[in-house]
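Dear colleague,

I am passing on the structure we talked about, with the sequence alongside. Please have both open as you read the notes that follow.

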Amino acid sequence: MSLILTIASREFRTLFLSPMAWTILAILQFILAFLFLTQVEAFTSLQPKLASIEGAPGLTDIIVPPLFGNAAIILLLVTPLMTMRLICEERRNKTLSLLLSAPVSTIDIILGKYVGILGLMLLIIALITLMPLSLLGGGELDLGKLFANILALLLLVTAFTAIGLFMSCIAGHPTVAAMSTFGVLLLLWILDWTSGLTDQRSELFEYLSILRHFQNIQSGLISSVDVSYFLLFITTFIALSIRSLDNERLQK
Amino acid sequence: MTTLIEAEHLTRYYGKHCAVNDVSFTLAKGEVLGFLGANGAGKTTTMQMLCGNLAPSAGQITINGFDLLDQPKAAKRNLGYLPDTPPLYKELSVQEFLLYCARLHGVAKSSVTDAINRTKERCGLTEVAERLIVNLSKGFQQRVGIAQAILHNPEVIVLDEPTVGLDPIQIREIRTLIRELGQDHGVILSTHILTEVQESCSHVQIIHQGQLILNETIAGLNRQMDTGTLQITTRLVPDINSLLTLPGISSIETMSENRIKIHHSVIANPAEQIAEHIITAGWGLQELTPIKRSMEDIFISLTKEHREL
């Protein structure tokens, strides 16, 4: 356990030693703040109309889901860039042999790397959450719904990261890892679009689509089906990463 | 003497290509084993297998009594490894990097500072401790690599070409360090520089095309090297057959008409008889020089012999 944390903390610190993490945090925050303000603007202009409607969507409904939805799409673009270096770069810089010849198991290495990068992801989500929380100063929020959105984004991002980690294990070059991660993520995102085009809906595609599960949780309906989808997803790709790193010793 | 490494019948294939073929050896405490071989002979592959970076296609490795496959953690705890490219996180400072390595190798919290200070001193890194590794010269980076390998005071230290990229003074320092380490650890070092083996090793192994073709102590090797050779130049053409009748001469090589090389055993040095013989025969002795075989010669003759087989 302490080994996992050792590896994770080095990974996390290294991110902040290069401009990488700072740049990503700054740009994400800027774009999302802009989107957040547009949403607030929309709410203030709609407010008089909404007041007259019975059971109209409230502040949380109008601001939080679009903000987290947009954040999800932006993170879909950004996650591959952050995960691409995880194992790939170590292999290219030959630093992997430091880990492989140390008394550390493959599981420790993979989990350490995963936890390290998740640290940055958590930071991003925390910064995003601060925006709707700032509204508490002048209004009321449906905290349950906010929590559902945070949970949805958290699960989504941990799943993104798990795929990114796996791609970084198998790819020979960081760019290849980033491209394949992005490809898989985008495919999973748009998978259930086909159901809109034809009359026959594919239940399998609908189940596989990551977007659908994300939106389900986002709407405030935290069902075990959706949560277990993400957990299954994460476990699968972590396990595949461990296997792939194990294979590193067998063939080169 | 305790056996630290036992490698049995190591074999490694890359696809169809056999990089290491049935290599077996042992390393005991207090030994410095030099691993010699030309480029692509299988040195690095063997070392990677010893350090768990590469799984052997066949064979077994035991480190300090722990099987590398069955108890990898216990085996690797006794192991310090410097690969051919030092594994350095260049964005860290030397101090940070060594701290990370200490944690990775499970050095006890109370002794981390001691271990780092001792290693920095040993490798001459005290002055550059706060500098980023990326800004260090290649020689210093190599030292950080060595520091990383000996930091946790492992029983077995495996160094893959440790003196590459160092200047002559640093090379001498590193060789002294290796000899020092050899006193209470087992050290394996690979190199293609032969004098390095002569200077810092107690045992030598030569690997050629994946096969172990020599496994000797340095003393034994020196004995082999003392197979005497005399180079002789005469004014007239000497009669080789009559020279061969002299005692102690094993063979004669004709270099040119007037120049020959006589190989003889070390015990009976026939130089005097040869000189007398040539003078009585009246061939006009002009030169009689003993030639010491360098390790290079042995290396080349061994690898050549092997190619012919």
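In this predicted model, one contact in chain A joins α3(A) to α7(A): from α3(A) come A:Thr60, A:Val64, A:Pro65, A:Phe68, A:Ala71, A:Ala72, A:Leu75, A:Leu76, A:Thr79, A:Pro80 and A:Thr83, and these meet A:Lys145, A:Leu146, A:Asn149, A:Ala152, A:Leu153, A:Leu156, A:Val157, A:Phe160, A:Thr161, A:Gly164, A:Leu165 and A:Ser168 in α7(A). By class, the residues of this contact divide into 15 nonpolar, 7 polar and 1 charged. The two helices, α3 (residues 59–83) and α7 (residues 143–170) of chain A, pack at an angle of about 10°, and their axes are 10 Å apart. Because angles under 35 degrees count as roughly parallel, α3(A) and α7(A) are described as roughly parallel to each other.

Chain A also touches chain B, in a contact that takes 18 residues from chain A and 21 residues from chain B. On the chain A side, α1 (2–17) and α5 (96–100) each supply at least two residues, and α1(A) gives the most, with 4 residues. That side of chain A has 7 nonpolar, 7 polar and 4 charged residues.

Turning to chain B, there is an open sheet of 6 strands with mixed pairing, in the order β6-β7-β8-β3-β9-β10. At its edges stand β6 (79–82) and β10 (211–217) of chain B, each with a single partner strand, so that one side of each is left without a neighbour in the sheet. Neighbouring strands are turned by 15° against each other on average, direction ignored. Within the sheet, β3 (residues 32–36) and β8 (residues 186–191) of chain B run parallel and are joined by 5 bridges, and B:Gly34 stands opposite B:Leu189 in β8(B).

Two helices of chain B pack on this sheet. Helix α5 (residues 138–150) touches β6 and β7 (156–160) of chain B, and its direction makes about 165° with that of β6(B). Helix α6 (residues 168–184) touches β3, β7 and β8 of chain B, and its direction makes about 145° with that of β8(B).

Finally, helix α1 (residues 43–50) of chain B is largely enclosed by the rest of the structure, because 8 of its 8 residues are buried. Among the buried residues of α1(B) are B:Lys43, B:Gln48 and B:Leu50. Just after α1(B), B:Gly52 takes a positive phi of about 75°.

With best wishes

Terms used:
Residues are numbered from 1 along each chain as its sequence is written. Chains are lettered from A and ligands numbered from 1 in the order in which they are written. This is a predicted model: local features need pLDDT of at least 70, side-chain atom pairs count only at pLDDT 80 or more; totals for chains, interfaces and linings use all residues. Two residues are in contact if their C-beta atoms, placed from the backbone, lie within 7 Å. Ala, Val, Leu, Ile, Met, Phe, Trp, Tyr, Cys and Pro count as nonpolar, Asp, Glu, Lys and Arg as charged, and the others, Gly among them, as polar. Axes are lines fitted to C-alpha atoms, for helices over the stretch in contact, and angles run from 0 to 180 degrees between N-to-C directions. Angles under 35 degrees count as roughly parallel, over 145 as roughly antiparallel, 65 to 115 as roughly perpendicular and the rest as oblique. Two strands pair if DSSP finds at least two bridges between them. A residue is buried if 20 or more other C-beta atoms lie within 10 Å of its own, exposed if 12 or fewer, and partly exposed in between; C-beta atoms are placed from the backbone.
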